[in-house]
Amino acid sequence: MIVDFYEKPGCHLCEDAAPIVVAEAAAAGAELRRHNILEDARLQARYGELIPVVVIDDEQHSTWFVDQGRLRAALR
């Protein structure tokens, strides 16, 4: 299972979500890939107003806020 986490520096919602995503991905044994959208113009265009965004196996799971219980269930 692959978890992609789209974020950018200075984003307070990203800072809130990151520890949840990191912990739940690790607990599930999933591969976590973190993406700074400022490093890629295509990612900025796609996710700029939606971050943080969590994508699990190429399926968008959450935007703006990450619910820990919902993420945990999705990673089972």
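**From a helix glycine to the sheet**

Author: Gly69 sits in helix H3, residues 68–74 (helices, H or I of at least four residues, and strands, E of at least two, are DSSP runs numbered from the N terminus). This is a predicted model, where local features need pLDDT of at least 70 and side-chain atom pairs 80 or more, while totals for chains, interfaces and linings use all residues. Residues are numbered from 1 along each chain as its sequence is written, and side-chain values use heavy atoms, without hydrogens or water.

Gly69 is partly exposed, because its relative accessibility is 41% (buried is under 20%, exposed over 50%, partly exposed in between, with a 1.4 Å probe and protein chains only). Its C-alpha atom lies 18 Å from that of Asp4, 65 residues away along the chain.

Now to the sheet. Four strands form an open sheet in the order S2-S1-S3-S4, with mixed pairing (a pair needs at least two DSSP bridges). Strands S2 (31–36) and S4 (59–63) each have a single partner strand, so one side of each lacks a neighbour in the sheet. On average, neighbouring strands are turned by 20° against each other, direction ignored (axes are lines fitted to C-alpha atoms, for helices over the stretch in contact; angles run from 0 to 180 degrees between N-to-C directions).

Strand S1 (residues 2–7) pairs antiparallel with S3 (residues 53–56) over four bridges, and Val3 has Ile56 in S3 as its bridge partner. Helix H1 (residues 12–28) packs on this sheet, touching S1, S2 and S3, and its direction makes about 170° with that of S1 (contact means heavy atoms within 4.5 Å).
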